[in-house]
Amino acid sequence: MEMWRQVFQYKESLFREGILDAQFTQLQQLQDESNPDFVAEVVSLFFEDSERLINDLTRALEQKCIDFKKVDAHVHQLKGSSSSVGAQKVKNACITFRNFCDEQNIEACFSCLQLVKQEYLLVKNKLETLLRMEQQILAAGGAIPMIE
Amino acid sequence: MGLSTESQFHVLAVDDSIIDRKLIERLLKTSSYQVTTVDSGSKALEFLGLNEDKHKDTNQLSISPNSHQEVEVNLIITDYCMPGMTGYDLLKKIKESSSLRDIPVVIMSSENVPSRINRCLEEGAEEFFLKPVKLCDVNKLKPHMMKTKYKNNHQNPENQENEEISEEIQPQPQQQQSNNNNKRKAMEDGLSPDRTRPRFAGGLTVASN
């Protein structure tokens, strides 16, 4: 029970701080006995996808002549995957990023890239911790706390 | 309760994002539908048996009559924004094809652009879902599939019996094992074949509205 309470509080803080949003709860609701690893699988796809896109973005912004269309396409994809897992701060950073892409504002695009990286690393760290804690609860035969 | 009617429905989901494919697949399976996912519009057409002609003669979209019905598809749900063929292009191709046009098409998009939505609806899409798609969206699919089921049955008198949609007393809708023999295409990479194994409703079936 102590463990459960701890996880509940941790999870609640992720929602309160806006790191995660309701979409993450949707994901968890789609997980059941027949698909016990669904959330972990989706989250690890999100990690792979984000890292690839952040690398692509970094490379695209390093070019002498920046192709903003290309940058925007990468950011659009990252926005899509972050919103599909409920990584709200990454998603919001992507929305800002796209506006600066539109304006072709190089300086602002650079700082957005930094922000995206930072938010991604934050949510990655938090999700890894959360999923590890939830795994322990499940292993002990308990149920995962849900935040509505 | 017996088998849910949903398990007789087969949905083809098209999305270039692996995360979103995984998500839509789970949403549909939770609702007891059979699901096949593909990562592009051209793979979707291939799965449907629509031969994209070597020379892009759109008037010449030919169907090989045998291959087409190898796997019945009751609904297509596709992402709008994909590299190459967009969801809108795919929608148009389907509506232009005499053998596919009755399959309901639903478009998903992460962007809420009214002109885009209207364009798709005018072109014959049944619904437009904003991403990320939710369970309550998926619940709207069934009525569209019921419509086509009826139509198909006209052409397929043997199945007539199944048409009576008695939700509760459904003795044993044949789980169409026969569909199985031609699934080879689905085995190729990128396609996740649906299960023809009967799915029992136990707990999983989300009550359709």
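Which residues of chain A are linked with A:Asp49 in a network of salt bridges? In this predicted model, A:Asp49 is joined with A:Arg52, A:Asp56 and A:Arg59 in such a network. Side chains of opposite charge can pair when their charged atoms come close.

| Salt bridge | N to O distance |
|---|---|
| A:Lys11 and A:Glu134 | 2.9 Å |
| A:Glu128 and A:Lys124 | 3.8 Å |
| B:Asp15 and B:Lys131 | 2.7 Å |

The side chains of A:Lys11 and A:Glu134 meet in a salt bridge with an N to O distance of 2.9 Å. This pair links distant parts of the chain, since A:Lys11 belongs to helix H1 (residues 2-16) of chain A while A:Glu134 belongs to helix H6 (residues 106-139) of chain A, 123 residues apart. A:Lys11 counts as buried because its relative accessibility is 1%, under the 20% limit for that class, and A:Glu134, with a relative accessible area of 2%, is likewise buried.

In chain B, a salt bridge of 2.7 Å, N to O, brings together the side chains of B:Asp15 and B:Lys131. Here too distant parts of the chain are linked, with B:Asp15 in the loop between strand S1 (10-14) and helix H1 (18-30) of chain B, and B:Lys131 in the loop between strand S7 (127-130) and helix H6 (135-138) of chain B, 116 residues apart. Both B:Asp15 and B:Lys131 are buried.

**A pair within one helix**

A:Glu128 and A:Lys124 form a salt bridge in which the closest N and O atoms are 3.8 Å apart. Because these two residues are four residues apart in helix H6 of chain A, about one helical turn separates A:Glu128 from A:Lys124. A:Glu128 counts as partly exposed at 35% relative accessibility, and A:Lys124, at 22% relative accessibility, also counts as partly exposed.

**The second largest pocket**

The second largest pocket holds about 320 Å³ of space. It is lined by 19 residues, of which A:His76, A:Gln77, B:Asp16, B:Ser17 and B:Cys81 are the closest to its centre. At least two lining residues each are supplied by helix H3 (38-62) and helix H4 (68-85) of chain A and by H1 of chain B, and H4(A) gives the largest share, five residues. Sorted by class, the lining of this pocket has five nonpolar, seven polar and seven charged residues.

Terms used:
Residues are numbered from 1 along each chain as its sequence is written. Chains are lettered from A and ligands numbered from 1 in the order in which they are written. This is a predicted model: local features need pLDDT of at least 70, side-chain atom pairs count only at pLDDT 80 or more; totals for chains, interfaces and linings use all residues. Side-chain values use heavy atoms; hydrogens and water are left out. A salt bridge is a side-chain nitrogen of Lys or Arg within 4 Å of a carboxyl oxygen of Asp or Glu. Buried means under 20% relative accessible area, exposed over 50%, partly exposed in between (1.4 Å probe, protein chains only). On a 1 Å grid over the protein atoms alone, a cavity is a set of points where a 1.4 Å probe fits but cannot get out, and a pocket is an open set with protein on both sides within 12 Å along at least five of seven lines; lining residues have an atom within 4 Å of a point. Grid points are joined across faces, edges and corners, and a volume is the space filled by probe spheres set on the points. Ala, Val, Leu, Ile, Met, Phe, Trp, Tyr, Cys and Pro count as nonpolar, Asp, Glu, Lys and Arg as charged, and the others, Gly among them, as polar.
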